[in-house]
Each structure stands twice: as structure tokens, then as C-alpha cells.
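Hi everyone, thanks for making time this morning. Let me put the structure up on the screen, and then we can walk through it together.

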Amino acid sequence: MDRLLAGQATASNGSFTAVSLAVEAGVHRMALLKRHVDLKSGFHERVSIETPQVPEVEKRLRETVTKLKRTIADQKAEVDELRQQVTRLAIASAVRTQENDGQAERALVSDNVIPFPESTT
């Protein structure tokens, strides 16, 4: 336990876990967890007191929050792009409708048809 806390692990990767403690002690992990609960508890207490660490649960939570923020930003960008596409399509539709109306008027006014004069009332 002291080697791990001092950062001088010889048999494990040096992480502050029960697995590393078991490897350093030369015992099977389950033996440490089942038979030597007092050692495991004492180790966890010393780790929490002597080494300021962020708990693993908090690390995972922060990673999840970061991923969610990235997803939200991507979705906002996608929504903005879709809104711009809708605007462009609406403008294109209006232009197309106006062109079609102009073609219909030209089709009505042919060489053999005289249009009615527009009323001024």
C-alpha cells in the first residue's frame, strides 16, 4: 500500500485501485476483495485522504457532459443549415412561380389574340 501511495509501484501499473493493490501485495484480486476487506477499505481511505483525485464516476460524468455539449452544438449547426436551405428553397420556389406566371401570360398573348385593354377604374 505504501509503495502505491508513494508512486513506486513495482508489480502493477501504479493506479490507485484495488486491483493494483492486489498485484502489489501478490494476492489474487478476489482474495483481497473478499477476505481482506479491511485492507481494501484502509487503502481507499488513505487514497482519498492523501491523493486529491477526481472520482471515476465524476470523470465519466464530465466526459458524458462534454459529449452531450458537442452533440448539441452539432445539432444547432445542422438546424441552422436546414433553416438556410428552407429559405433558399422558398426563394427559388417563388422565383419559379413568378417565371411560370410570366410564361403563362406570354402564352396567352400570341400573334392572333388581341388582349383586352386594362381598365382604369
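Let's start with helix 2, whose buried residues are Ala18, Ser20, Leu21, Ala22 and Glu24. Buried here means under 20% relative accessible area, exposed means over 50%, and partly exposed is in between, using a 1.4 Å probe and protein chains only. Helices are DSSP runs of H or I with at least four residues, strands are runs of E with at least two, and both are numbered from the N terminus.

A word on where this comes from: it is a predicted model, in which local features need pLDDT of at least 70 and side-chain atom pairs count only at pLDDT 80 or more, while totals for chains, interfaces and linings use all residues. Residues are numbered from 1 along each chain as its sequence is written, and side-chain values use heavy atoms, leaving out hydrogens and water.

Back to our helix. Just after helix 2 comes Gly26, with a positive phi of about 80 degrees. Thr17 is partly exposed, at 32% relative accessible area. Its C-alpha is 9.0 Å from that of Val47, although Thr17 and Val47 are 30 residues apart in sequence.

Val47 brings us to the core. Which residues make up the largest nonpolar core? There are 6: Ala18, Leu21, Ala22, Leu32, Phe43 and Val47. A nonpolar core, by the way, is a set of buried Ala, Val, Leu, Ile, Met, Phe, Trp, Tyr and Cys residues joined through side-chain atoms within 4.5 Å.

Now, stepping back: the protein chain has 5 helices and 0 strands. Of its 121 residues, 12% count as buried.

Finally, the charged pairs. How many salt bridges turn up in the whole structure? The search finds 2, each needing a side-chain nitrogen of Lys or Arg within 4 Å of a carboxyl oxygen of Asp or Glu. One joins Glu58 and Arg62, with the closest N and O atoms 2.4 Å apart. Both residues lie in helix 5 (residues 56–108), 4 residues apart, or about one turn of the helix. Glu58 is partly exposed, at 31% relative accessibility. Arg96 and Glu99 also meet in a salt bridge, at 3.8 Å from N to O. Arg96 and Glu99 are about one helical turn apart, because they are 3 residues apart in helix 5. Glu99 is partly exposed too, with a relative accessible area of 40%.
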